[in-house]
Structure formats: C-alpha cells, structure tokens
Amino acid sequence: LLLLKASNSLSLSLQAKMSRPLQARRLEGIDKNIWVEFVKLASTYSTVNLGQGFPDFPPPDFLKEAFMKALSRENHMLHQYTRAFGHPPLVKILAQFFGKLLGQDLDPMTNVMVTVGAYQALFCCFQAFVDEGDEVIIIEPFFDCYESMVKMAGGTPVFVPLKLKAPKDGKLMSSADWQLDPAELASKFSKQTKAIVLNSPNNPLGKVFSRGEMELIADLCVKHDVLCFSDEVYEWLVYDGKEHIRIASLQGMWDRTVTIGSAGKTFSATGWKVGWTLGPNHLLKHLHTVHQNSVYHCATVAQEAVAQGFQRELELYGKPDSYFIQLPKLLQQKRDWLVQSLDAVGMKPIVPEGTYFLVADISEFKSDVPDVPNSDEPYDSRFAKWMVKNKGLAAIPLSAFYCGAHKNNYSHFIRFCFAKEEATLKAANDVLQKWKREKTSP
Amino acid sequence: VEFTKVAADPSIVNLGQGLPDISPPSYVKEELSKAAVVDRLNQYTRGFGHPSLVKALSQVYERICGKKIDPLTDILVTVGAYGSLFSTIQALIEEGDEVIIIEPFYDCYEPMVKMAGAKPVFIPLRYENHGNSASSADWVLDPAELANKFNSKTKAIILNTPHNPIGKVFTREELQVIADLCIKHDTLCISDEVYEWLVYKGNKHIKIATLPGMWERTITIGSAGKTYSVTGWKLGWSIGPQHLIKHLQVVHQNTLYTCPTPLQEALAQAFWIDYKRMDDPECYFYSLSRELEGKRDRMAQLLREVGLKPVIPDGGYFMIVDVSTLNVDLSGLDEKQPYDYKFVKWMITSKKLSAIPLSAFCGPETKRQFEKYIRFCFIKKDSTLDAAEVILKNWNEQPA
C-alpha cells in the first residue's frame, strides 16, 4: 500500500508540475459528448441498436464496386495526396450535380470544398465565421455538435425552439407539428447575430421545413445581414412526396449561405467520412483557410469512389433506378414499420417527414423508471440508459439535442434510428412486444 | 498550396511536394480491398480510433518505447499527422502562450500556432562546417541560444525528428538539451516523428518521450502516409499520457469526430503484419529506409555532378542544396521575392524540374539565412529519378 501511495504521489507530482492551466480555454464546456457515452453503452449492452445514426445495411453495390475499381487501377497514385480542397473528379461532379439543383453555375474549384464528413464542414464554418462576441442562432432540438462548435469558436449560441402543436384527436403526431413561432424567431436576431444554423431535414425530429418556413428564415437573414449554415445531409431522405427545399436557392440567400452535404448519408457509407460545402467563393475562401490549417487534405480513394457514385446518379436522376429514389422508398417502409411497432405498444411516435430518425413519447413506460427528484440527469437520459441495460434496446434521449438549460423541456422522448435491416426492426418489435406483455401481465 | 498547383503539370519532373510516386507495399493495398467488402467497415467506428488500429499501434509503440501504452486513453487517431498537430495545438495552446519552433520548419507549425492565438518563437538550426561534405548533422542548435528562448510564457516546443526539410536526426545528446529545458521550464514537447522509420545507416531515431521526465509532457505524432507510403490515406496518430491525450480527444470530438473506417482497419492489419516481423530485416519499417538510402545517394551524386554541394540527410526523404553557387541570372524576376523562390520558378520554367524553396520553411527574420537553399524530395520511382538525371546532366549545356 505504501508503494502504491508513493507511486501515486510521484505521478501526481509529475502531473501537478504543469502548474498553470494545461488545456486551452476553448475546451471549456465542450468536453462532454453524448455519443462517446451512448455509443459505449450500446456496444456493451445492446442487442438491438437503434441508437447512433448509421445504417446497418451496406452501401449500394455500385458504390462498393467504385471503391474496388479505384483500388484495382494500375495507377497507385490514388494512395497519395490529392488536391487539398477536393479531388478534381469529385468537385467537378458535385458542381455539375448541385449546380442544377441550386440554379447556380458552380465552379468546381471555387464553389465546392470537400471535407472529412459533414462534421468537418460544420467545423470549418464555425471557425471561419464565428468570433468572440458573435451570436449564432440554433433551432432546438439540434444535432448536438452545433452548440459545442459555436462555443469552441468563442461565439454565443442563441436557441429558439420548435414547439409541438398538439395534433388532432386520434391522429399520430407528425414532425410537421413541430413549428417555430415567427415572432419568437424574429426576436432572436440581434446586432450580434452572425449566423443561423438550419438543419432540414432535421435530426432528431425528421422535420422537413416547408417553403413558407424557409422563406421566413431567409427574410430574417437578409434583413439582418446574417449568414446561413445549411446542414442538408439528409436531403434525399424525404417521404410522402414532400419536397426538400435548398435555402440557398431562395431569393437573396445564395451569397450568404454555405450548404453542407454528406456522402455518408447520401450513399449509406458513414464510415467513409466524405462531406462537402457549396457556396459563393467569397465565403468558401475562408473555409479553405481553416481547412488548409487543420486537415489540409481528405483521403483520396473514397473521394474517387464517391465521384463515381455521383456520376451514376447524375445519369439516372429522376429515374426509378436512381439510388436517391430507391433509398427514401426503402426507408419510408422502414419508417412505417417502426411507427406501427411503437404505436402498438403505447410508445407514441412522431411520424418524421424526413431523415432516418423517429422520436417517440415514452410516457406510458414511465413506471419502469421511477423519477428521481432533484436529479441532475434528465429523465429521458436515465430512461434510455435503463432501457439499453435492461431491454437491450438502444436509443438516444431527446434531451441530448437540447442545450443545458432546456434539457428538461421535453423529458419523455427518445430518438430511434430506423435505417436498419428488416431483421433488426423485427427484433426491436419483439423487444417492445415482450416489454408490453411484461407490463400488462400481473 | 502555391507550389503544388505549379507542379501539377505532367511535363515537369516533380521533386517538390513530399509525396511518394513509388507504390505502397502490395499487402497494404490488399488489406484495403479486404476491408472495403466488409459491410460494417463502411460505417462509423469508434471516434478516437478504430479499436483494432489503436490496439496495433499500442503494441508497436510499446515495443519501441519499452513502456505500457493504453490503446484507449493514450492514443488518438487523426486525419494525418497534420490533424494530430492541429488537435494538439488546439487542445493545449492558447492566447498568451509562446511556442518555440525550430527553423527551418514544416510550414504548418507557424499558422497553426497563430490560429490558436499564441506567439511563435523561432530558433534556427545553424550550419557548423565540419569539413568537406555537408551532412544534416552539421546543422545544430546553439544550446545557449535555445535556452534564451524559454521563458515563463513558453507552453511548448515543437520538435521534428527526423527533420523536414534538412533531414537531421537529432542525437540523444541534442534531445537531452531540449528535454532538460522542457523540464526546467515546465514546458510541453510536441514531437513530430512522421519520418521515424526513415533513418539511414549510422543513425538511430530516438523518441524524446522515452527520456526521463519526458513521457508526462510529450505528445508524439506519427503518420501512416509516411510509414507506408500512403499519403492519400490521411491517417496519423498522437501518442502520450492520458492527462494530455484526453484534451486532444475533446478537440477531435468537436472537429471531425471520427476518421474513415476501412482505411483504419486496413492500416491495423498492415501494422500487425509488420509488428510480427519487427525482428526481421524484411519488415517494411526497415526495408523502406534501405530502398530510400539508395535513392538518396543517387540524388546526391546527380547534384554533385552539376557542381552543387547537397546536404546529405541522415533521415527523411528530402535533401537540401545551396543553389547560389550556380550563379544563375535571376535579375528578370520579381526583386521582392526571396532568392530561392525566384530560383525555383526559373528552374520549373526553363529546366522543367521542380523543388521547394527553403524560405517557405522559415519565419520572417530568417528568410535571408536560408534563401540560397532549395529542397528536393527523393521518394520517387526510378523513372522519375532517371528524368531528373537527364535534366541535371544537361544542366550546363542548355541555354537559360
């Protein structure tokens, strides 16, 4: 015991040697991360993982083939650095593809930049444009990294909530029932507002902002001369014939918007970490600066394969064989399946208009996880942890998508990911059915 | 960025940017093909590093360092060593801090330190003439000058060994001087060791983190790109004590969260293959440096034939040479530019050979000291070196 104490105090003294603060102040308040915690729980306990957002089915064959083709080429230079701001074949096809959709003539060299996933695209935006003293409007619930990235850049996040309007009796809730209050939104814009982050289709709710809602946001951006970071990673995952609208295509918005996309979500290959930004050169040139001073290059071979994937989709655009038509069709079925499963056992689903996430109200299952008064942890987080440990079913608490002050606003909702094989969804259904039986039987 | 654009022209023999045009070993390419067909390897993996990769890294480096390295807490996988430098600097450096940078330096150190709000403090390597042939070992730090650069604001020193661009391999004695100062002034050491395997006969790469008192205050950075000749995989790693690495992990989870999965899996498998043969001279960690030593010697010979005196590197895959002795007439070019920038531009246009000017690797005060030098990269296939040979052999015959 003495030896242990001695070695402890030695290592402590070595650590304490760094007598001034060790880590940079920019890390304050951003060290906790919900994914690190919940991914670990899921890998330890879950038998059915509907938690972290990634498909458990493979990327489409044509994409895997493109990757293999790239590797088998005689030219081994695909294993070496490519152009820092984006592999030429990829930026060219992205410019072509999205130019049409945005109604802009896009220059692949100046209007497109490739990033390590959409995550790094977001990072570049906040680092490039947000400074101490700047405010950034974030719509709640939000993909959690927005808040910490604003803080790391020294900015102040300003939150405005989507509020649930009760649906008509007997109808299931829809993500469309979650809406911004226009007056409340307008009140959030101040002289300090540098940017607003828009995520449509929205993670976690699955809301697909309507043209009217987007125009509301656009008008305020123009009026207050504010930038818009538009996270559109789920752009192809819209259901029931809904339309995904690109805010950069609205009046007055092209010059002030950075549009972000993701190969991981587009092609069901989240592990490739290929993303991109689209926008006017006067904005992208600042993203270049951040990019060349943080990662500089993105991996080459995945960019080559994604370029091939987009080439195929360009040729098949609008046709039934297009992956961008097949994937949402497939996912809509899975959505409906999960909605049914949850509704049947008394978990009330909010039917999403887009994305591969679904949020459900778990109030009817509250009795399994008693309230702990004065607990620091939001109820839904405790519930989700209990559920993965005791039922093997992994999901993410909705409070993960709210800022600290608002974590208890909606405390009985959890988020499920339904981009899963039929077998997985079936297994989820079995878990839920068994759980319900255990509740109702004496 | 500036020079890679110019040298993208295929008619130019590119000995500028540091990227191999030799093939990576075939088993490395095969492992990537194998990984790509496994469905779950196309989805997200663990944020701080794919489990099989951090495990492999911990084994390899435990063996080298003679110290237990926890794969989950002592290692972070990043997008290239570049990403490790960024994560380290963002995690541990801020406004009010000073960071010592040894010149010439890999050019990203200065802007990264500035981006973190800190002040770069430069100290140059100085050439000490020890006879006829120039070696990277002739470039040394003045211990008194170095000691003067440390003060209460010094948060870290960035060390790069083997060194880009000179190719210097810091000796144990030289590292001890740096270590003593780090301990005395309670400073961190950011050790960029991407060329750790590329050391030539008679030299040994020593990890400053293995010197007494240094593990607790050092982040050691490595690179798959340089280890396996796969710069386009952009995978690197930071290794260090948990109380430092945890802050790098926070930066990582707020910047890109996770690195590509199939590449990490393939790299892990490649490391296992070479880990198992670390006692065998055929291990790629050793065979690559043997291959490159031949190219180094060839490059040096070609430059000597033009009448130049190259600085023979003890490590790395770069070679610097003083070109002012050629007395090329550069009067037509922009006066304001440093000599080496003008020389390289002239050489690209009139000789169709590219290199990198050394003043790109210096702070503003020292540019004059290094502007006579240019840097050649020699990790090139034989046909590239053959093309360079033609140009160099005909150098004095062609009109400018």
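Me: What should I know about the model and the numbering?
Reply: It's a predicted model, where local features need pLDDT of at least 70 and side-chain atom pairs count only at pLDDT 80 or more, while totals for chains, interfaces and linings use all residues. Residues are numbered from 1 along each chain as its sequence is written, chains are lettered from A and ligands numbered from 1 in the order in which they are written, and side-chain values use heavy atoms, with hydrogens and water left out.

Me: Where do the two domains of chain A run?
Reply: Domain 1 of chain A covers 32-59 + 322-440, and domain 2 covers 61-316. Those bounds come from an automatic or database domain assignment. Over C-alpha atoms, the domain centres are 25 Å apart.

Me: How much area do they bury between them?
Reply: About 3700 Å², with 62% of it on carbon and sulfur atoms. Buried area is the accessible area (1.4 Å probe) that two parts lose on being put together, summed over both. On the domain 1 side, Pro59(A), Phe324(A) and Glu353(A) lose the most, together 24% of what that side buries.

Me: How many salt bridges cross that domain interface?
Reply: Two, by the rule, which wants a side-chain nitrogen of Lys or Arg within 4 Å of a carboxyl oxygen of Asp or Glu. As for salt bridges in chain A, Asp240(A) forms one with Arg335(A), their closest N and O atoms being 2.9 Å apart.

Me: OK, switching to the chains. How many residues of chain B are in contact with chain A?
Reply: 68 residues of chain B are in contact with 62 of chain A, contact being heavy atoms within 4.5 Å. The two chains bury about 5700 Å², of which carbon and sulfur atoms give 57%. Gln43(B), Tyr44(B) and Asn254(B) supply 13% of the area chain B buries there, more than any other three residues.

Me: And how many salt bridges between the chains?
Reply: Two. Arg25(A) forms a salt bridge with Glu94(B), with the closest N and O atoms 3.5 Å apart. There are also 30 residue pairs in polar contact between the chains.

Me: Backbone next. Which peptide bond in chain A is cis?
Reply: The one from Asn203(A) to Pro204(A) is cis, with omega near 15 degrees. Pro204(A) lies in the loop between strand E8 (193-199) and helix H8 (211-224) of chain A. Helices (H or I, at least four residues) and strands (E, at least two) are DSSP runs, numbered from the N terminus. In chain B, the bond from Asn164(B) to Pro165(B) is cis too, with omega near 10 degrees.

Me: What about phi at Tyr296(A)?
Reply: Positive, about 70 degrees, although Tyr296(A) is not a glycine. Most residues other than glycine have a negative phi.

Me: Is Tyr296(A) buried or exposed?
Reply: Tyr296(A) counts as buried because its relative accessibility is 13%. Buried means under 20% relative accessible area, exposed over 50%, partly exposed in between (1.4 Å probe, protein chains only). Asn327(B) also has a positive phi, near 55 degrees, but Asn327(B) is exposed, at 66%.

Definitions and conventions: Polar contact = N/O pair within 3.5 Å; in protein donor to acceptor, adjacent residues only side chain to side chain.
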